[in-house]
Structures are given as C-alpha cells and as structure tokens.
Amino acid sequence: MTDAPYELYYWPSIQGRGEFVRLALEEAGARYVDVARGPGGMAAMMKMIKGEGTHGIPPFAPPFLVDRALVVAQTANILQHLAPRHGLIPDDEASRVAGNQLMLTIADLVNEVHDTHHPVATGLYYEDQKPEAARRAHGFTSERLPKFAGYFESILERAKGRHRHLVGASLSYVDLAMFQVLSGLDYAFPRAMKHLAPSLPRLLTLKAEVAAQPRIAAYLASERRLPFNEQGIFRHYPELDLAARH
Ligand SMILES: N[C@@H](CCC(=O)N[C@@H](CS)C(=O)NCC(=O)O)C(=O)O
C-alpha cells in the first residue's frame, strides 16, 4: 500500500465528463494528478487507451482513474469507486445504490446534451450537422430538459424539508454532479434554464450551496477549473437554445 496520488486521465482542454471526477477529488481534498494536462500526459493517456501498461481491462474512453494497481473507467463507475473512500456517499447499501442510480441518470442527461450538437455522428463537426442539431435541440429544450430537471427537483421535494441533498443528509458526489450539470446547462442553454428556473427552487438552492463549499469555491476560483468552451459537452450555440419568444 502506497500513498501515491490518484491519476486522473482526461482531455486537457475541456471540462467534459472529467469534471465530475475533478469535483469529487477536489471536495475530497484528495491528492491527484490531472495527467494529460502535464508534460507527456497526452501520450501517456493514449498508451493507456491502447492497453499498454494497464492492469485489467483498458478503458474505451476518458475519463479514467488510476488508483494504485486499479484502472477505473466510466464516469459513474469512477465516482462509485471514489465516493465511499472519501465520505462522499453514506455507507449504507440503499444510499450507494440510490447514488449510482441518480448518477447514471445524470450521465443519460449529459449524453442528451452532447447529442444536441452532435445528433448525427460524434465524428462529424457540429457545422456538418446543423439542421439536425436544431431539430434535436428543440426537442431537448422543450421536452427532455424539463423532464430531467423536473425529475431531479422531485427527488429533493420528496425529502420534504428533512434535508436538502439528493442522497442522504449531507453533501454527496451526486450533489456535486448536479451542480456541474446545472452549471453546464446555464452556459449552454441560458434561455431555456431561465425559463425553467421558477420550477426548480430546490435544485437552484442546492447548486448555490455546492458552489459555496469552501473546497469547491477555492477550486472554481483556481486555474485548475477550465472555462466552458465550444469543444466540450456543454457548448453555447445561441441558435440551439430555447427560442427567444418563450
Ligand atoms: N460513458 C462514458 C463516456 C466516455 C466518453 O464518451 N468520453 C468522451 C469524452 S467526454 C470521449 O473521449 N470519447 C471518445 C470516443 O467515444 O471515442 C463515461 O461516462 O465516462
């Protein structure tokens, strides 16, 4: 057993799915290296994906985490691995299962956000699929986004004032992920989110509370927090946002 820092492997210039892992590591106060952002890091990441130097199953895609001899891929799986080790999910089985269920639902939402700008093919540019993106984004902002957001708001509502968190009575990795997805949605779809805001009081309170956590606040103000941009998952293309007449 060593106290080697975790190694996070993710694309170095975007928040993307890696950000869900970064936020958990930051809130945990864990030691980690964001490998691809350092010298030689991209080559090291590509080697791992090719299966060179990994123990066990090589990851299909970033993000993945190296925890000593273990290589853990898939965002929700990485978080499920980290959270119990750092007090970011209650110990009982019901909470862990609920946490994973909600995290996988957040991952589904993230996939749908990605597909608003890449509805035809992930390998094509947005510019090569703009008409399809407009149709897909209309369905997203008018139906899917309200459905997902309403679902998560209802999870907080069910707690009926007993607590303000998505799982258990204190901050969990699911709250951190919800903060991230809401932040990304604000960036990508500001009109749609403004339209929805009055129906999401509990989610917006949770978002503000996460941003105010001392370690998260310090991280957000640091250079480690990359800005949102149009290479990531949450992209601001005004033409894909809810129409101005709403
Ligand atoms: N379900 C996976 C998705 C991983 C994924 O799609 N990663 C993206 C970056 S966010 C990627 O690099 N994909 C490369 C590919 O799919 O070929 C997860 O949640 O981690």
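The following questions and answers concern the basis for the structural terms applied to this predicted model.

Residues are numbered from 1 along each chain as its sequence is written. Local features need pLDDT of at least 70, side-chain atom pairs count only at pLDDT 80 or more, and totals for chains, interfaces and linings use all residues, while side-chain values use heavy atoms, without hydrogens and water.

Q: What makes strand β3 covered on both faces?
A: Buried means under 20% relative accessible area, exposed over 50%, and partly exposed in between (1.4 Å probe, protein chains only). In β3 (residues 64-67), F64 and V66 on one side are buried, as are L65 and D67 on the other. In a regular strand the side chains alternate between the two faces of the sheet.

Q: Why are β3 and β4 said to pair?
A: Two strands pair if DSSP finds at least two bridges between them; strands (E, at least two residues) and helices (H or I, at least four) are DSSP runs, numbered from the N terminus. β3 and β4 (residues 70-73) have 4 bridges, in the antiparallel sense, and therefore pair. L65 stands opposite V72 in β4.

Q: How do you know that β1 and β3 pair?
A: β1 (residues 6-9) and β3 share 3 antiparallel bridges, and L65 is the bridge partner of L8.

Q: What is the bend of α5 at F140?
A: The bend at a residue is the angle between axes fitted to the seven residues ending there and the seven starting there. For α5 at F140 this angle is about 45 degrees. F140 is among the buried residues of α5.
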